Amino acid sequence: MMDIKLDPSRDDLPLMANTNHILVKHYVLDLDVDFECQVIEGTIVLFFEDGNRLKQWSRSCKETCQMESNEACTLRTPEPCHIPVTNARSSSSKMGYNNFAICGKGDKDISDKDGNHDNQEQASGISISKYSCDTENHGREEFLLVLDCCDLSVLKVEEVDVAAVPGIEKFTRSPKLTVISEELRNEMVHELVTLPADHWREQLDYFARCSQAPSCGELIFDTDTWSLRIRKTGAQTATDFPHAIRIWYKTKPEGRSVTWTSDQCGRPCVYTMGSPINNRALFPCQEPPVAMSTWQATIRAAASFVVLMSGENFAKPTLLQEGCLSWHYYVTMPMPASTFTIAVGCWTEVKPEADSPSDLEAERSLPPSETDFRYIDVCSHMEYPCRFQCASAITQEIIPHRVFAPVCLKDACQETLLPLIPLCLSAAHSVLGTHPFSRLDILIVPANFPSLGMASPHIIFLSQSTLTGMSHLCGTRLCHEIAHAWFGLAIGARDWTEEWLSEGFATHLEDVIWAEAQQLSHHEAHEHQELRACLRWHRLQDELQNSSEEMQVLRPRKEKTGHVSDSGASVVKHGLNPEKTFMQVHYLKGYFLLRFLARTLGDETYFSFLRKFVHMFHGQLILSQTFLEMLLENIPEEKRQELSIENIFQDWLESPRIPKVPYVHCSRRVCGKNQWVTASKKPFLGHVELCGNADLELLFPSLSVLCFAENSRFGGPPRLKGCRSALAQAGAVTKWIRVNRRPRKRKRGEPEEVFEKLLPDQLILLLEHLLQQKTLNLRTLQSLQRTYNLHKQDAEVRHRWCELVIKHKYSKAYKHVERFLQEDQAMGVYLYGELMVNENARQQQLAHKCFALTKEQMDRSSAEVVAEMLF
Ligand SMILES: [Zn+2]
């Protein structure tokens with residue numbers, strides 16, 4: 001049935017679910033977490049809406065919202081199709097037949113061929129002959145439900161008898177349930193999944209009750225590498241297929257969705273880590289983002305564990321029996337299943353040292369109640385209890401939040417992280433408006449977490465690396481993850497290939513939100529942003545030089561972006577390429593595009609547009625053109641210049657590299673004309689020609705901004721003071737190069753160099769400049785380290801410091817490299833390469849030693865990359 005050919009030699013990620021035929025509306029998970037066996041086991045119940053109903057929904061949607069935006073309608077209206085699927089097996093039913101686990105009973109050589117199922121025991125009771133009779137004698141095909149699923153042991157699939165739930169008859173037209181038919185059950189499920197938003201509590205409650213209803217028959221299933229396929233004898237269309245099914249399954253320790261490891265205090269824990277395969281090794285699901293659903297989950301674990309999850313409630317555990325706790329979470333906002341996150345570990349909640357202000361507690365006890373929704377506004381998304389419609393939610397600057405961490409990192413969290421959260425949340429609110437989510441948990445994840453942070457609904461993972469140094473790295477990263485609540489979660493990419501839609505936005509917004517959180521003046525914020533732009537420019541150039549052109553394209557599928565097959569299946573371009581995990585090109589190119597657009601429009605216009613955009617598209621999925629079209633429509637003619645979707649696609653999204661120069665305001669010093677680069681005929685390329693190979697430092701005036709002012713708000717971290725030219729000549733770079741050139745001893749009477757304190761970003765820039773020097777003597781390195789206390793700076797600064805140490809074989813500081821490789825694993829991979837490339841025995845020894853210490857718990861793909869460098 002797949003009309004997409006998968007070439008195993010390619011790195012594209014397949015999404016198999018036939019979402020055009022049937023859509024999951026709600027998941028109920030009921031799971032036990034077993035740390036001894038490293039297995040999560042239990043059931044998942046899926047509630048569906050079929051293509052027929054979808055068609056009706058899309059029709060009514062089109063009528064109601066056509067005026068506002070066509071895009072909004074087409075987003076969640078897959079071409080309705082409930083024609084029986086012709087599957088690949090039809091031509092050779094015997095072969096396909098053999099693939100079915102059910103037929104493999106007692107037939108060892110075909111069972112578990114791909115290691116994906118072991119349902120032989122459960123297979124009894126389903127008649128093989130009946131199945132074969134239906135397909136062969138009548139020659140009819142049965143409807144096939146395809147779920148995305150990988151590395152799960154599926155034990156049993158059954159139809160849920162929702163009609164057995166007391167009270168369910170209110171969801172039917174017939175008051176007395178005399179004849180229970182499939183049709184009636186499906187009608188009940190339909191009524192349940194389409195209850196109006198203000199009935200969400202009742203809806204959740206019935207979902208939960210239905211999930212526990214008895215089975216009314218097992219379903220036939222088989223699995224392959226990427227999917228779980230389910231059919232019911234005699235059910236030929238999605239409409240006939242049961243709309244509530246229960247899958248009994250367990251995870252496999254090697255499944256790539258969850259990481260079993262230990263925390264910084266040595267205690268066991270497990271978490272989802274944003275794998276490229278998302279959650280399909282955690283539960284069978286419909287992966288395509290178009291399948292937006294709600295969920296609830298009951299998770300049981302030993303009493304020493306805390307269960308954190310994407311749920312809108314602050315779950316309070318209930319004691320089941322001696323030593324076992326049960327946690328229940330739910331969401332009422334439909335989101336792609338890939339955004340679901342869970343973490344289970346022995347973490348403690350970190351609270352402010354002093355007694356917390358009581359208003360925080362008060363806030364926490366204020367979940368939006370049903371009466372709170374006053375429907376003051378109309379949204380374009382499918383119905384759910386939306387915060388944008390809730391008067392008290394709209395004005396809530398700081399949403400209730402908690403922090404969890406291993407107990408050994410409690411102090412660091414209290415010092416660095418806790419004070420930042422309210423500042424960043426309220427800054428995000430002032431930049432973007434209503435928080436899309438009602439609450440937030442922040443977890444300090446184990447050392448092997450492969451990135452600095454990850455955002456999921458209601459939960460943010462932060463790496464311990466953000467807790468070192470001053471508040472700068474922690475603040476910017478926190479702002480980045482908070483920004484994902486709007487871009488990435490509330491507004492998702494319809495096609496994951498367009499990753500820049502979440503990462504580019506979050507990267508661009510992190511500076512703006514962080515500046516707001518620090519209450520920088522307009523001028524200071526600008527200086528700061530220029531500095532960040534500069535750093536990213538360096539990084540991007542580096543990455544563009546060291547990656548294949550193919551990987552640099554943000555919209556490789558061009559006009560096919562967002563297209564799916566008839567069934568709804570698709571592939572994510574390069575979704576499985578291991579290289580991609582270590583690339584930032586989507587973050588950086590996306591960021592530079594948005595920065596360019598914001599500059600072209602002016603910040604004020606751009607951000608007021610952005611709030612308007614959020615208002616229009618929250619709760620929905622978008623493509624690049626969704627954003628660009630609305631943007632261009634909203635720009636006054638005179639500001640639009642020659643911007644068009646076509647040239648933005650061409651110059652930014654569909655070609656490798658980046659338009660030649662970063663659309664900065666061309667300063668007079670560069671070209672004698674104080675005007676926007678875009679002002680000339682060809683956007684982006686205009687003045688570049690005039691400027692030729694203008695020095696980057698001239699294009700980024702703030703490169704020379706190396707002065708600071710004390711910022712009392714965060715207990716001392718310096719921040720930029722707006723005097724970009726004053727210290728231009730006396731830049732630290734020049735000073736250090738001078739120091740390095742000086743003969744061993746200072747001449748009598750010669751003044752000692754005085755170095756001013758630098759911001760972390762300034763330090764990074766300084767170190768990156770020094771990294772370009774062929775030689776730096778050990779004396780200079782020592783003095784550099786002492787002057788800035790480099791080993792105590794944040795992880796970004798220390799990373800550059802380690803690079804310098806390795807490059808110049810400064811063995812006295814090897815301990816800093818060693819520490820970095822253990823404590824900052826999310827950023828350490830690159831340093832292994834540097835250690836190996838010098839062909840220096842001692843450095844290679846160091847690399848091997850550090851790898852030996854961490855490889856057991858290291859993130860799997862990082863470990864593979866490092867092993868390749870080392871052996
Ligand atoms: Zn809404």
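Guide: Start with the contacts of Val572. Leaving aside residues up to four places away in sequence, Val572 touches Asp12, Leu13, Leu15, Trp496 and Thr497. This is a predicted model, so every value here is computed. Val572 belongs to strand E23, which covers residues 570-572. Is Val572 buried or exposed? Val572 counts as buried, because 20 C-beta neighbours lie inside 10 Å. The cut-off for a buried residue is 20 or more. Thr561 is another reference point: 11 residues separate Val572 from Thr561 in sequence, and their C-alpha atoms are 9.8 Å apart in space.

Now step back to the whole chain. The protein has 871 residues, and 49% of them count as buried. Its secondary structure comes to 30 helices and 28 strands. Take the contacts between residues at least 6 apart in sequence: 74% of these join residues at least 24 apart.

Next, strand E21, residues 459-462. Its side chains go two ways. Ile459 and Phe461 point one way, Ile460 and Leu462 the other. All four of these residues are buried.

E21 pairs with strand E19 and with strand E20. Strand E19, residues 440-444, runs parallel to E21, and four bridges join them. In this pair, Asp441 has Ile459 of E21 as its bridge partner. Strand E20, residues 453-456, pairs with E21 in the antiparallel sense, also over four bridges. There Gly453 stands opposite Leu462. E20 and E21 form a hairpin, with two residues between them. His458 sits in the turn and has a positive phi of about 70°.

Most residues other than glycine have a negative phi. Gln519 is not a glycine, yet its phi is positive, at about 55°. Where is Gln519? Gln519 lies in the loop between helix H12 (500-517) and helix H13 (522-545). Gln519 counts as exposed, because it has 12 C-beta neighbours inside 10 Å. The limit for an exposed residue is 12 or fewer.

Asn789 is another case. Its phi is near 50°, a positive value in a residue other than glycine. The loop that holds Asn789 runs between helix H25 (778-788) and helix H26 (795-807). With 10 C-beta neighbours inside 10 Å, Asn789 counts as exposed.

Last, an open sheet. Three strands make it up, in the order E4-E8-E7, with antiparallel pairing. Strand E4 (145-148) and strand E7 (220-223) stand at the edges. Each has a single partner strand, so one side of each is left without a neighbour in the sheet. Neighbouring strands of this sheet are turned by 20° against each other on average, direction ignored. Look at one pairing in detail. E7 and strand E8, residues 227-231, pair in the antiparallel sense over four bridges. Ile220 stands opposite Arg231 in E8. As a general rule, strands of a sheet pair through backbone hydrogen bonds, either parallel or antiparallel.

Technical notes:
Residues are numbered from 1 along each chain as its sequence is written. This is a predicted model: local features need pLDDT of at least 70, side-chain atom pairs count only at pLDDT 80 or more; totals for chains, interfaces and linings use all residues. Two strands pair if DSSP finds at least two bridges between them. Axes are lines fitted to C-alpha atoms, for helices over the stretch in contact, and angles run from 0 to 180 degrees between N-to-C directions. Two residues are in contact if their C-beta atoms, placed from the backbone, lie within 7 Å.
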